[in-house]
Amino acid sequence: MTNLYPESPGVKDPLFFQPSALFRLQIVKVTGFILLFFLLYVIILLTAVALAAGFVAAGVALPGYYPSIYTFIVGPALLLLGGMLLFFLVKFLFYQRPPVNPYRTLIDADHHPRLFDFISRLVKETRIRFPKKIFVVPDVQASVFYNTSFFSLLWPSAMNLEIGLGLVNSLNISEFKMVLAHEFAHFSRRSMKLGSYVYTLNKVLYNMLYENDSWNELVIRWSSHGSLPAFFAHLTRMIVNSMQFLLKKVYHLINRQYLVLSREMEFRADAVAVALAGTAATVSGTRRLEMGSYCMDYCMHHLSDPETAGQRFRNLFSAHSAVMDYFAGQNYLCIDAEGLPVITDNYFQTFLKSRVQLREQWTTHPTREDREQRYLAAAVSCEQATGSAWQLFNNPESLQEQNTKLIYDLSAPDIQEDSWIEPAAFIEDLTRKHRLYEYPAAFNDYYDNRSFPPVQHSSPLPVTAATLNFAQLYHPDIILRMRRYYRDKQDVETLQAIASGQFQTRVFEFDGQQYKAAEARILLRKLATHVAEEQSWLLSHDQLAYRYHYQRALEQGSDKARQLEEQYQDILLHQEFAHRLNDQVINIIHGISQIFNIGHGTLPLLGPWLEELSAGCWRFRRLLHEATVSTGYSGTLSPELYEQVQRFTDQECVFMQQEVPDYVALQELHEVISAVVEQYNNSNILLKKSYLELLLTLEPGS
């Protein structure tokens, strides 16, 4: 058998595997809270059992000691109540929740011997037991899971491994080893010991308290069998709910300590991964995971795209590779010999990270930046296996096609298998759409994803800007300052949410420094002042840019200047209408979601929402009328959408039929408003693109 397992660096430094003092302290804290949980658990359980036994004993003894018609009624009732309480206690406490993922496909060593040999060698290095079962799924991730139950509190369940084929598609062999090593390290006797047990235990407790609805559903079914069973079922439910309430209070204390511990566990797992795969694989693999996830999401989104209705990918993962290649090209990234993107530091310099971080909400997963700093500090070097991770699988193309078919069978079963989307045609269509709506590169994204501001049309260019040129107006430093303004503007909203209590958090980070929630208001005032100054600067720069281009147009004649002014006014006109349209669509979609969430079983709650939705529908129809008949708006809808809009406007805005919401009408409303707003937004992009192309023609030497 071909050996595809990369040799590990052989790190001897015990610091790689020695838990930190913080890790050990948190283990002690969490263990103490778990012991408290078990103590309360046993007390509540014994109390409930004693109560149930008392009901049963009373139900048996009462008719014997006090024989009468009343005791012969009360006795069996108490017996029934005690029996139901014991039954539901067993149902609540001794449940089993098998993890469900319909996209899982079981694989075995006979069909993929190289992969199983690879995993066998890795489990020896990480010192865990070999997974009981190994599955493949379409995702860009790998995970370990258990069939958790009450008995998992006493001894560990068998571990199963889930491998995402999108992950395999995104990594080389060394990077794939790194990802699996990280997952296995959570359960490794080499680095975690008690930490792995706490990891499993926390999941079991969470599932039991928050995802265990089987007993609750059984109570509801019993409640429909008559008034007496319903009464005892509700009484039993109140007792079990009281137990659950007390246990949740203690679990909340456990989980707060676990959040801090879990962050350390992630870093410990990272230490094992870098020790077994090297720094280069951990850095490149983490980066490729991000891009692979983004590109897979794009492909999955197009499974139900109306434009590709009736068509399907023969091999989703070929399309995924094609999208990664295209995305790399758009970001000026090189491709290695295996067709994987080489993601450099420069790629991340275009992304501005929020200055406000709510670390408590993300404690379990450190940021990529935090992880990379540790990888680089470890400086573990070893020879990399740069071949595709698909080399570990036998007949990978067949496996990819089988998995693709499973996706369509579950998510889009109506699509026939005889109409294929070829990856080349898919990328060609993607390129065409991108080119159609792409602004000229000379503006360096200055006008992307934002509104054009109103400007003064005839103001002359300032004397101080007489030597101004195009490159200075759209210099990368200007673009970076503008992006920082929008980033800070978003951070002002986050600080406002923290200060008002909308975000429940004790602490947060600002520029890497930790603050208490009460200090958010002070930072908010400072940042809001800065944002207001930057907003004024950006508006001034927009005015300056417009006057510069207007001056260039005047140099070519008054007709050209008039054309520029008219196009800009046209943009503002459509832009203002699109804002009104977007606001109305947001309100309608919110109303539709509320109706679907409430359901038709509670009509009194539905009434106000249906009335508001009907009113919103009429307001939207008035906007549609304005769009289809007014000069300046008409012609922006495609013929197909125009016909759909005409059919929609012929109907009444009524969404209730025989005291039941008309979900078909609601669906049609959602489809129409979504299509209209998307087409209007796209038409605005084309208007702006045309204007920007005009500006380029005004430059000398264009």
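A crossing of two helices is termed left-handed if the near helix is turned anticlockwise from the far one by less than a right angle, and right-handed if clockwise; helices (H or I, at least four residues) and strands (E, at least two) are DSSP runs numbered from the N terminus. The model is predicted, and local features need pLDDT of at least 70, side-chain atom pairs count only at pLDDT 80 or more, and totals for chains, interfaces and linings use all residues. Residues are numbered from 1 along each chain as its sequence is written, and side-chain values use heavy atoms, with hydrogens and water left out.

Helix 3 passes helix 5 in a right-handed crossing. The axes of helix 3 (residues 113-126) and helix 5 (residues 173-185), taken as lines fitted to C-alpha atoms over the stretch in contact, with angles from 0 to 180 degrees between N-to-C directions, come within 10 Å and cross at roughly 50 degrees. In contact (heavy atoms within 4.5 Å), residues of helix 3 including Phe118 and Leu122 meet residues of helix 5, among them Phe176 and Leu180.

Four strands form an open sheet of mixed pairing in the order 2-3-6-4, where two strands pair if DSSP finds at least two bridges between them. The edge strands, each pairing on one side only, are strand 2 (105-107) and strand 4 (142-145). Strand 4 and strand 6 (residues 160-164) pair in the antiparallel sense over four bridges, and Val144 stands opposite Leu161 in strand 6. Helix 5 packs on the sheet, touching strand 4 and strand 6, and its direction makes about 25 degrees with that of strand 4. Helix 3 lies across strand 2, strand 3 (133-137) and strand 6, running at about 120 degrees to strand 6.
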